[in-house]
Amino acid sequence: MANDREEMLMTWLRDAHAMEEQAEQMLSTTAERIEHYPSFKQKLEAHLRETQRQRDVIRACIERRGGDTSTIKDLAGKMMAMGQGLSGLFVADEVVKAAMASYTFEHFEIASYRSLIAAAEAVGDVETARVCREILVEEEAMAAWMAAELPTITSQYLQRLAMDVEAKH
Ligand code: MG
Ligand code: FE
């Protein structure tokens with residue numbers, strides 16, 4: 001019988017898995033739509049590949065701990081609310097909304113992995129803690145890129161608007 005700490009760790013690993021599936025969906029949808037902001041598009045595509053690997057390693061942590069992965073898809077719905085914010089697609093300032101959403105999502109991921117690392121350490125799961133630290137580095141790098149580029153993306157959007165060329169994505 002798993003103790004409370006172990007059950008919480010499993011719950012949070014499943015949440016992280018659902019979060020990465022949501023990230024995957026949001027990154028691919030956004031990257032596909034971006035046309036006029038090539039560096040943002042490339043960064044989304046690169047982080048999409050990292051995200052797919054993150055999803056796989058989190059799934060491996062769940063399996064290694066004896067968790068059932070068959071119901072994992074059902075949990076993806078949890079992140080839908082946040083997903084809505086990210087699909088501020090189809091609005092006039094779509095690219096700016098997408099950049100803000102990416103920035104926000106990465107910080108949510110950072111919070112999740114910081115918490116998960118502590119939970120893994122609390123039960124002595126060294127491998128899960130190590131994996132989460134590796135993922136955290138990638139999320140922090142993406143968050144830092146977004147922090148630096150959000151103003152640039154915004155001014156490029158405003159420039160395109162002023163030039164009267166297609167600007168929204
Ligand atoms: Mg991630
Ligand atoms: Fe991320």
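**Close-up 1. Spacing of the magnesium donors along the chain.** Counting along the sequence, the residues that donate to the magnesium ion (ligand 1) follow the pattern E-x33-Q-x54-E-x29-E. Glutamate 109 sits in helix 4 (residues 94-122) and glutamate 139 in helix 5, so this pair ties together parts of the chain that are 30 residues apart in sequence. Keep in mind for this and every other view that the model is predicted.

Close-up 2. Who holds the magnesium ion (ligand 1)? Its donors are Glu20 (OE), Glu20 (OE), Gln54 (OE1), Glu109 (OE) and Glu139 (OE), at 2.0 to 2.4 Å. The iron ion (ligand 2) lies 3.1 Å from the magnesium ion (ligand 1), and glutamate 109 coordinates both of them. Are glutamate 109 and glutamate 139 buried or exposed? Both are buried.

**Close-up 3. Helix 4 against helix 5.** Here are the two helices that carry glutamate 109 and glutamate 139. Helix 4 and helix 5 pack with their axes 8 Å apart, at an angle of about 160 degrees. Angles over 145 degrees count as roughly antiparallel, and that is why helix 4 and helix 5 get this description. As for handedness, helix 4 and helix 5 make a left-handed crossing.

Close-up 4. A pair of aromatic rings is described by the distance of the centres and the angle of the planes. With ring centres required to lie within 6.5 Å, the count comes to one aromatic pair. Phenylalanine 40 and tryptophan 145 make it up, at 6.4 Å centre to centre and with 15 degrees between the planes, and the pair is stacked. Where in the chain do the partners come from? Phenylalanine 40 belongs to helix 2 (residues 38-64) and tryptophan 145 to helix 5 (residues 126-163), so the pair links distant parts of the chain, 105 residues apart. Phenylalanine 40 and tryptophan 145 are both buried.

Close-up 5. Look for histidine 17 in helix 1 (residues 4-33). Why does histidine 17 count as buried? Its relative accessible area is 1%, and buried means under 20%. The side chain of histidine 17 makes a polar contact of 3.4 Å with the side chain of arginine 59.

Terms used: Residues are numbered from 1 along each chain as its sequence is written. Chains are lettered from A and ligands numbered from 1 in the order in which they are written. This is a predicted model: local features need pLDDT of at least 70, side-chain atom pairs count only at pLDDT 80 or more; totals for chains, interfaces and linings use all residues. Side-chain values use heavy atoms; hydrogens and water are left out. Rings of Phe, Tyr and Trp (its six-membered ring) pair if their centres lie within 6.5 Å; planes under 30 degrees apart count as stacked, over 60 as edge-to-face and the rest as tilted. Helices (H or I, at least four residues) and strands (E, at least two) are DSSP runs, numbered from the N terminus. Buried means under 20% relative accessible area, exposed over 50%, partly exposed in between (1.4 Å probe, protein chains only). A polar contact is a pair of N or O atoms within 3.5 Å; within protein, one must be able to donate a hydrogen and the other to accept it, and residues adjacent in sequence count only if both atoms are side-chain atoms. Donors are N, O and S atoms within 2.8 Å of the metal (3.2 Å for Na, K and Ca); water is not among the atoms, so sites may look incomplete. Axes are lines fitted to C-alpha atoms, for helices over the stretch in contact, and angles run from 0 to 180 degrees between N-to-C directions. Angles under 35 degrees count as roughly parallel, over 145 as roughly antiparallel, 65 to 115 as roughly perpendicular and the rest as oblique. A crossing is left-handed if the near helix is turned anticlockwise from the far one by less than a right angle, and right-handed if clockwise.
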